[in-house]
Amino acid sequence: MNEVDEMLSMLRGAPLPQALEAIDGPVMSGLAAGRERMAGRRSLGLACVVAAAVGLWGGMAAPERVPDRSLLAIPASAPSHLLAV
């Protein structure tokens, strides 16, 4: 145990390497980027919840039903429908 204490006391007096002095900037920018990603995910999730709520509210609040029309049907103003081809 005395050897460990001696090694730690030697390290305490030694100067920091140059690489460790410049590590603060990249670490702090990485943390800031992580916070920005989390804020983006949070706002995207909130937008999805709001869109779902508005869609459900709009769908349930319709006073009358819309007649079912197929998306593949020929529109009434199409030339082939008007000319009965």
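Leu 16, Leu 20, Ile 23, Val 27, Met 28 and Leu 31 together form a nonpolar patch on the surface of this predicted model, and the accessible area of these residues comes to about 560 Å² together. Helix 3, which covers residues 24–60, supplies the largest share of the nonpolar patch, namely three residues. Leu 16, another member of the patch, has its place in the loop between helix 1 (2–13) and helix 2 (18–21). Because its relative accessibility is 58%, and exposed means over 50%, Leu 16 counts as exposed.

Helix 1 consists of twelve residues, and the distance from its first C-alpha to its last is 17 Å, which is close to the 16 Å expected at 1.5 Å a residue. Since the number of buried residues among the twelve of helix 1 is zero, this helix lies largely in the open.

| Part of the model | Mean pLDDT |
|---|---|
| Chain | mean pLDDT 84 |
| Helix 3, highest in the chain | mean pLDDT 93 |
| Helix 4 (residues 79–82), lowest in the chain | mean pLDDT 71 |

Across the chain, 88% of the residues reach a pLDDT of 70 or more. Where pLDDT is low, the predicted coordinates should not be read in detail.

Notes
Residues are numbered from 1 along each chain as its sequence is written. This is a predicted model: local features need pLDDT of at least 70, side-chain atom pairs count only at pLDDT 80 or more; totals for chains, interfaces and linings use all residues. Side-chain values use heavy atoms; hydrogens and water are left out. Patches are made of residues with over 30% relative accessible area and no salt bridge: like charges are joined within 9 Å, nonpolar side chains (Val, Leu, Ile, Met, Phe, Trp, Tyr) within 5 Å. Accessible areas come from the Shrake-Rupley method with a 1.4 Å probe; for residues, only the protein chains shown count as cover. A salt bridge is a side-chain nitrogen of Lys or Arg within 4 Å of a carboxyl oxygen of Asp or Glu. Helices (H or I, at least four residues) and strands (E, at least two) are DSSP runs, numbered from the N terminus. Buried means under 20% relative accessible area, exposed over 50%, partly exposed in between (1.4 Å probe, protein chains only). pLDDT is the predictor's confidence in each residue, from 0 to 100. The expected span of a helix is 1.5 Å times one less than its number of residues.
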